[in-house]
Amino acid sequence: MSELKIAIQKSGRLSENSLRLLEECGIKFSNGTSVLKTRAANFPVEILFLRDDDIPQYVEQQVADIGILGENMVLEKNKEVAILEQLGFAQCRLSLAIRKEENYRGPEYFNNKRVATSYPRLLSGFFKKNNIKAEIEEISGSVEIAPGIGLADAVCDIVSSGSTLMTNGLREVTTILRSEAVIIGNKKLSEEKKEILDRLLFRIRAVKGARENKYILLNAPESSIQEICRILPGMKSPTILPLAEKGWCSLHSVVKEDEFWERIAQLKSAGAEGILVIPIEKMIK
Ligand code: PRT
Ligand code: ZN
């Protein structure tokens, strides 16, 4: 019986969310993450715990069949792998930052400058595209301190809240890439492995759908129903049930997590009352 080997980050920003995603797909693991690999008890997968930098190469060589890591790392490593699914967590951006007191009018700023980064491939691609001749200083960690110690004039690094740059006296000036966690896969999986992968991706999409949506219930006068249906497109069309009170009904639908507050305000002004918003466990389209 064949099994799918999944590489995830051993310890770092992606580890917890990667494991949680697999667990929410109903996959149960007996061991903790202190081991090198572990088998699932109820699904034909084996998990390998690795450094994120190594995952693209291992997936290319089929040491692992698929892997979970940041898209930034996938693009930097540029291995022969396929990006199969965006996962919606570990959102960040790869940006250029300069000393905060410097003037900046555009990417030409970087001509003849030294820029420290752990992403030399992506950065040189950006410089080439913008016709800039700069020197790239590749370092593997703590990129943000490079200008302070005189190693570089600027940095190109991963940013999420921006506070690391700020505490090091740096200012973000251009974003090269936006990134989130993705699943990558080997391009030549056997039919058996593809079949397991399809089952896994089906579950992952159901978990993602559930995370991205909320179930909403509300009461409204019949006269408002048309307008409320316009505000709430839902999965197909909302469920509408009559209430005991004449002229009123209850409406059930699905609303996108990121549109949620805006929709609630619109619903209230359209006459909705008693609005309940409930998390969804799994959502299968
Ligand atoms: O040991 P291993 O090699 O496996 O891990 P690592 O230390 O190389 O990676 P890790 O765990 O730091 O990051 C893994 C992935 O998480 C990255 O490749 C990104 O896809 C994603 N990610 C999301 C981030 C951040 N957010 C992030 N904020 N990766 C790094 N950072 C760092 C950044 O380098 C900078 O030092 O956090 C700092 C900036 O954060 P803010 O919030 O101050 O802007
Ligand atoms: Zn790493």
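**Figure 1. The zinc ion (ligand 2) sits in an irregular site of this predicted model.** Four donor atoms surround the zinc ion (ligand 2), with angles of 75 to 168° among them. Four donors count as tetrahedral only if all angles lie between 85 and 135 degrees. The protein donors are Asp-52 (OD) and Asp-53 (OD). They lie 1.9 to 2.1 Å from the zinc ion. Asp-52 has a relative accessible area of 16% and is therefore buried, because the cut-off for buried is under 20%. Asp-53, at 23%, is partly exposed.

**Figure 2. Helix 1 meets helix 6 at roughly 105°.** Helix 1 covers residues 15-24. Helix 6 covers residues 191-212. Their axes come within 9 Å. The crossing angle is roughly 105°, and angles of 65 to 115 degrees count as roughly perpendicular. The two helices are therefore roughly perpendicular to each other. Helix 1 makes the contact with Leu-21, Leu-22 and Glu-24. Helix 6 contributes Leu-200, Ile-204, Val-207 and Arg-211. By class, the contact of helix 1 with helix 6 has 5 nonpolar and 2 charged residues, and no polar ones.

Figure 3. Leaving aside residues up to four places away in sequence, Ser-18 touches Ile-8, Ile-68 and Phe-89.

Figure 4. Residues up to four places away in sequence aside, Phe-260 touches Val-255 and Val-277. Lys-214 is 46 residues from Phe-260 along the chain. The C-alpha atoms of Phe-260 and Lys-214 are separated by 8.1 Å.

**Figure 5. Arg-105 is an exposed loop residue.** The loop lies between strand 6 (92-99) and strand 7 (114-117). Arg-105 has 76% relative accessibility. The cut-off for exposed is over 50%, so Arg-105 counts as exposed. Val-173 is 68 residues from Arg-105 in sequence. From C-alpha to C-alpha, Arg-105 and Val-173 are 9.3 Å apart in space.

Notes:
Residues numbered from 1 in each chain as written. Chains lettered and ligands numbered in written order. Predicted model: local features only at pLDDT ≥ 70, side-chain atom pairs only at ≥ 80, totals over all residues. Heavy atoms only, no water. Contact = heavy atoms within 4.5 Å. Helix = DSSP H or I, 4+ residues; strand = E, 2+ residues; numbered from the N terminus. Axes fitted to C-alpha atoms, helices over the stretch in contact; angles between N-to-C directions. Parallel < 35°, antiparallel > 145°, perpendicular 65-115°, else oblique. Nonpolar A, V, L, I, M, F, W, Y, C, P; charged D, E, K, R; others polar. Donors = N, O, S within 2.8 Å, 3.2 Å for Na, K, Ca; no water. Tetrahedral: all angles 85-135°; square planar, octahedral: opposite > 155°, others 65-115°. Buried < 20%, exposed > 50% of the residue type's maximum accessible area, 1.4 Å probe, protein only.
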